[in-house]
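Please read the following report alongside the sequence and the three-dimensional view. It moves from the overall fold to individual residues.

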Amino acid sequence: MDNCVFLAVVYSISLTFVIPAISCQENSNISSDDWKSPNVTAVHSWDQASIIVRMYSSSNQTSGQNGNHLAFGFAACAVAAVLFGSNFVPVKKFDTGDGLFFQWILCAGIWIVSLIVNIILKCPTFWPFAMIGGVIWTTGNITVVPILKTIGLGLGVLIWAAFNLLMGWASSRFGWFGINSEEVAKPYLNYTGAALCFLSAIIYFFVKTDVGAPHTSDSTVPMLIDSNINRDEEGMLTDASWVDKLSPLQKRVVGSCLAVFAGLLYGSNFVPVIYIKNHALKNETKYRNASQFDLDYVFAHFSGIFLTSTVYFLIYCVIMKNKPKVYPKAILPGFLSGVMWAIASCCWFLANYFLSAVISFPIITAVPGFIAALWGVLVFKEIKGMRNYLVLGIAFCTISAGVLTTAFSKLP
């Protein structure tokens, strides 16, 4: 499984960074003025790779180009789904305390990836409004560690993925929050696919997880300024947090509610970028001529994530009287988790561009839940018993039907 994750990471890097280069190579004989006629009104200079990729949206594109468009989009969906379902695996076996320090490290990894993407794209226009999406995402993400400690990786990802799907798909399909509603070739298939994907997550509510108590070892001892911090009555260092005081039922209720809250915010984090893109086509707005290529907003979006995470961490340090819980052994796993998430999110931006959010959301939000469940079954042993395996089987069939139906709704 580790090899599969490694290969997915390598392949996702190729998707994120090589696709524009391939497109550029294939279209090297295009006139220097041809890029001015895609379905956007941008008039400022672009990176050549970005220009060529944008030309796939031209109104006179061939059927072969349409095929590449769909192939790139669904490939991006596949890589994003695998990485989103696996990105918390590196940190699962490490104590993270209350999660605020872990999130800050994770967001640092995210921002580094966005910086690399921004350099490759030759620093496209920075739109501060796109940072709002990062603020929304980070606010939802501070609940991740409590969710993992209460209901586990598998069930946690499945629940927040369900509501991520519902919010993201509905806001794009019906035009909530001031964005344009998106149309598909076969609306009835799109509705059916979204409903099946959401139903698969509801099915996962019936999966019972067995999340072990946090372990304490030399590898998880926190690095503390004051030796009296984080010690129990016997003077031992501990990874205890407020969730450890809850009963099993309370953990399930609190974890599920936090997962729902996180999912709703996750499903809203693309809204600012889509809003800018929609209003870029209107001459009377301040976003006139803004880019239509989603990766151009990655740096602003991820900068909002890192900035918000830093603010939350500083507030946490103030509350803790400058004695935060810092676990040094979680730094590298947390950073790796952030890099995996960032690559997956870049692939999601590409999927939104090639397929539209109304197609990408049901696929990318449903499949990671099953990937996470496989980790829970095969590696972490959080999900056990024939009954749970049967539920997972039913959910997998439902997800498969939903993904295929959603994909077919895009085809003319």
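## Basis of the description

The model is predicted, so local features need pLDDT of at least 70 and side-chain atom pairs count only at pLDDT 80 or more, while totals for chains, interfaces and linings use all residues. Residues are numbered from 1 along each chain as its sequence is written, and side-chain values use heavy atoms, with hydrogens and water left out.

## Overall fold

The chain has 14 helices and zero strands, where helices (H or I, at least four residues) and strands (E, at least two) are DSSP runs numbered from the N terminus. Buried residues account for 55% of the 412 residues in the chain; buried means under 20% relative accessible area, exposed over 50%, and partly exposed in between, with a 1.4 Å probe and protein chains only.

Of the contacts (heavy atoms within 4.5 Å) between residues at least 6 apart in sequence, 83% join residues at least 24 apart. The chain exposes about 17700 Å², and carbon and sulfur atoms supply 67% of that area, as computed by the Shrake-Rupley method with a 1.4 Å probe, where for residues only the protein chains shown count as cover.

## Nonpolar cores

In soluble globular proteins, nonpolar side chains tend to be buried together. A nonpolar core is here a set of buried Ala, Val, Leu, Ile, Met, Phe, Trp, Tyr and Cys residues joined through side-chain atoms within 4.5 Å. The largest such core has 78 residues, of which I110, W137, W160, L295, F302 and W341 touch the most other members. Helix α12 (residues 331-355) gives this core its largest share, 14 residues. Apart from it lies another core of nine residues, including V207, I383, V391 and L392.

Leaving aside neighbours within four places in sequence, W160 is in contact with F88, V144, I147, A259, A262, G263 and Y266. Among the buried residues of α9 are A259, A262, G263 and Y266, together with K251 and G255. The 19 residues of helix α9 (residues 248-266) should span 27 Å at 1.5 Å a residue, and its end C-alpha atoms are 26 Å apart, which agrees; the expected span is 1.5 Å times one less than the number of residues.

## Aromatic pairs

Rings of Phe, Tyr and Trp (its six-membered ring) pair if their centres lie within 6.5 Å, and planes under 30 degrees apart count as stacked, over 60 as edge-to-face and the rest as tilted. By this rule the count comes to 26 aromatic pairs. F129 and Y275 form a tilted pair, 5.5 Å centre to centre with 55 degrees between the planes. Because F129 lies in the loop between α4 and α5 (131-141) and Y275 in helix α10 (residues 271-280), the pair ties together parts that are 146 residues apart in sequence. F129 is partly exposed at 31% relative accessible area, and Y275 is likewise partly exposed at 24%.

The pair of Y353 and F354 is edge-to-face, because the ring centres are 5.3 Å apart and the planes stand at 70 degrees. Y353 is buried at 9% relative accessible area, and F354 is buried at 2%. Ring pairs also link F84, W137, Y266, F270, F302, W341, W348 and F349 into a cluster.

## A buried glutamine

Is Q103 buried or exposed? Q103, which sits in helix α4 (residues 100-120), is buried, with a relative accessible area of 2%. The side chain of Q103 reaches the backbone nitrogen of I142 at 3.0 Å. Beyond its neighbours within four places in sequence, Q103 is in contact with T138, N141, I142, S309 and Y312.

Key
A polar contact is a pair of N or O atoms within 3.5 Å; within protein, one must be able to donate a hydrogen and the other to accept it, and residues adjacent in sequence count only if both atoms are side-chain atoms.
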